[in-house]
Amino acid sequence: MNAPHPGEFSATALKHQYLKVPSAGIGQRIALFGGSFNPPHRGHRHVALEGLARLGVSQVWWMVTPGNPLKSNSDLAPLDRRIALTETFADHPRMVVTAFEAAIGTRYTADAIRFLKRRCPTVKFVWLMGADNLATIHRWQKWRDIMRQVPVAVVDRPGSSLAAMNSPAARAYASVRRPEEQAAAIADATAPAWVFLHAPLDPTSSTLLRRREAR
């Protein structure tokens, strides 16, 4: 899909295209990749590509959130701009950008997943995230509900391996961690189940990009 230039992005396009839940077929495997993407970068694309290549999913849905409840939103770019920028990194026939969380009125991942499971009961969802998120997921609202609702795939990120593997979430669910060689079947697993994927590391981060832009 060709991404619109940020300056050409209209509120009408946002309303009609991105606030809808993407379509999915019966029994389809979908990786959910959520974040504020403020801004999106090649590290995000790296995680999404690893998910496509290794999880046996047919699509990755980039879920651009209205905002992160754990972070200050003072430097948060408008949702329409973040969607437009995300499209440039999700430029792949098996990647879809959505902002349906804004339409259902939530900023919480657990609620968004619950909504999707009700809306698409035959779809097999996997939550896809970087290792930096595994290190802090215990701070998310109802984080155990996330682990209980869908299998989780974690892609290694620079400087996050040790913190992620020693995090409260990793310790709490150590008994249901799947071997990395079983990653392609994780979507079929009964939650809670998770897998850690080692991969080449990309050091790009949204925080560093925002600081660089501010300077």
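1. A nonpolar core is a set of buried Ala, Val, Leu, Ile, Met, Phe, Trp, Tyr and Cys residues joined through side-chain atoms within 4.5 Å. In this predicted model, the largest such core has 32 residues, of which Leu32, Leu116, Phe125, Trp127, Leu134, Val154 and Trp194 touch the most other members. Helix α5 (residues 109-119) supplies the largest share of this core, with 5 residues. A second, separate core holds 30 residues, including Phe37, Leu128, Ala189 and Leu197.

2. Overall content. The protein chain has 10 helices and 7 strands. Of its 215 residues, 48% count as buried. Among contacts with a separation of 6 or more, 79% are between residues 24 or more positions apart.

3. The sheet. The 7 strands form an open sheet with parallel pairing, in the order β3-β2-β1-β4-β5-β7-β6. Its edges are β3 (95-98) and β6 (177-178); each has a single partner strand, so one side of each is left without a neighbour in the sheet. Strands β1 (residues 29-35) and β2 (residues 59-64) run parallel and are joined by 6 bridges.

4. Leu32. The bridge partner of Leu32 in β2 is Trp61. Trp61 is also among the residues that Leu32 touches beyond four places in sequence, the others being Met63, Ile113, Leu116, Phe125, Val126, Trp127 and Leu128. Leu116, Phe125 and Trp127 belong, with Leu32, to the group that touches the most other members of the largest core.

5. Helices across the sheet. Helix α2 (residues 42-54) lies across β1, β2, β3, β4 (124-130), β5 (152-155) and β7 (194-197), and runs at about 150° to β2. Helix α5 lies across β1, β2 and β4, and its angle to β4 is about 155°.

6. Aromatic pairs, Phe37 and Trp62. The structure holds 6 aromatic pairs. In one of them, the ring centres of Phe37 and Trp62 are 5.3 Å apart and the planes stand at 45°, so the pair counts as tilted. This pair links distant parts of the chain, since Phe37 is in the loop between β1 and α2 whereas Trp62 is in strand β2, 25 residues apart. Phe37 is buried, at 3% relative accessibility, and Trp62 is buried at 0%. Ring pairs also bring in Phe33, which forms a cluster with Phe37 and Trp62.

7. Aromatic pairs, Trp143 and Tyr173. These two residues form an edge-to-face pair, 6.0 Å centre to centre with 85° between the planes. Trp143 lies in helix α7 (residues 143-149) and Tyr173 in the loop between α9 (168-172) and β6, so the pair ties together parts that are 30 residues apart in sequence. Both Trp143 and Tyr173 are buried.

8. His198. His198 sits in the loop between β7 and α10 (206-214). Apart from neighbours within four places in sequence, its contacts are Arg54, Asp156 and Glu180. The C-alpha atoms of His198 and Glu50 are 9.5 Å apart in space, although the two residues are 148 residues apart in sequence.

Technical notes:
Residues are numbered from 1 along each chain as its sequence is written. This is a predicted model: local features need pLDDT of at least 70, side-chain atom pairs count only at pLDDT 80 or more; totals for chains, interfaces and linings use all residues. Side-chain values use heavy atoms; hydrogens and water are left out. Buried means under 20% relative accessible area, exposed over 50%, partly exposed in between (1.4 Å probe, protein chains only). Helices (H or I, at least four residues) and strands (E, at least two) are DSSP runs, numbered from the N terminus. Contact means heavy atoms within 4.5 Å. Two strands pair if DSSP finds at least two bridges between them. Axes are lines fitted to C-alpha atoms, for helices over the stretch in contact, and angles run from 0 to 180 degrees between N-to-C directions. Rings of Phe, Tyr and Trp (its six-membered ring) pair if their centres lie within 6.5 Å; planes under 30 degrees apart count as stacked, over 60 as edge-to-face and the rest as tilted.
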